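This report is meant for a reader meeting the structure for the first time. It goes through a few selected features, one topic at a time.

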Amino acid sequence: MPDAPTHPGPLLEDLPVQTPVEVVLLLASPEHHYFGRPRDGAPHPPSAALPRVDVVAGKGVVGDRFFGRAAHMDAAVTLMAVEALEGVARDLGLPGAEQPGGGLDPRLPRRNVVLRGAPVDALVGADLALDCREAGGGVVRLAG
């Protein structure tokens, strides 16, 4: 689970709503998909699901291709609701509705944290926290 960066203020107490969510997937993608010439096609470097990731305040997910990159400081950790993938799979009539992502591999969008039960779209512009203490991690505070 994500480790908590040192945070000077309250981690959870000042957030107006607490919603239990499931962390479906943690991911750090070390390589970019798009380098080289378009005619060569996009490579498909591995993006393995991880049992835990380390998060550094202001830099992102350790081991991710965007870690510490100035151009990505405003989006250092990316989130996605697995329900969005399940909706796409349903709309397309794809098999595998019983699987996370509705049969679509939740690793393919390459988001760092895939959640179930989180209103991710509603969190744009809001502060949020992932409390991973029960799983042996910490509390990771994020600005949406």
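This is a predicted model: local features need pLDDT of at least 70, side-chain atom pairs count only at pLDDT 80 or more; totals for chains, interfaces and linings use all residues.

Together with Leu92 and Leu94, Val88 makes a nonpolar surface patch of about 260 Å².

## The nonpolar cores

The largest nonpolar core has 15 residues, and those that touch the most other members are Val53, Val55, Val61, Val113, Leu115, Leu130 and Leu142. To this core, β5 (113-116), β6 and β7 each supply at least two residues. In soluble globular proteins, nonpolar side chains tend to be buried together.

## Strand β6 and its partner

Strand β6, residues 127-131, has Leu128 and Leu130 on its covered face, while Asp127, Ala129 and Asp131 lie on the uncovered one. Leu130 is also one of the core residues that touch the most other members. Strand β6 pairs with strand β7 (residues 139-143) in the antiparallel sense, over five bridges, and in this arrangement Asp127 stands opposite Ala143 of β7.

## A buried arginine in a loop

Arg65 belongs to the loop that runs between β3 (60-61) and β4 (79-81). With a relative accessibility of 9%, Arg65 counts as buried, because buried means under 20%. The side chains of Arg65 and Asp64 are joined by a polar contact of 3.5 Å.

How values were computed: Residues are numbered from 1 along each chain as its sequence is written. Side-chain values use heavy atoms; hydrogens and water are left out. Helices (H or I, at least four residues) and strands (E, at least two) are DSSP runs, numbered from the N terminus. Buried means under 20% relative accessible area, exposed over 50%, partly exposed in between (1.4 Å probe, protein chains only). A polar contact is a pair of N or O atoms within 3.5 Å; within protein, one must be able to donate a hydrogen and the other to accept it, and residues adjacent in sequence count only if both atoms are side-chain atoms. Two strands pair if DSSP finds at least two bridges between them. Patches are made of residues with over 30% relative accessible area and no salt bridge: like charges are joined within 9 Å, nonpolar side chains (Val, Leu, Ile, Met, Phe, Trp, Tyr) within 5 Å. Accessible areas come from the Shrake-Rupley method with a 1.4 Å probe; for residues, only the protein chains shown count as cover. A salt bridge is a side-chain nitrogen of Lys or Arg within 4 Å of a carboxyl oxygen of Asp or Glu. A nonpolar core is a set of buried Ala, Val, Leu, Ile, Met, Phe, Trp, Tyr and Cys residues joined through side-chain atoms within 4.5 Å.
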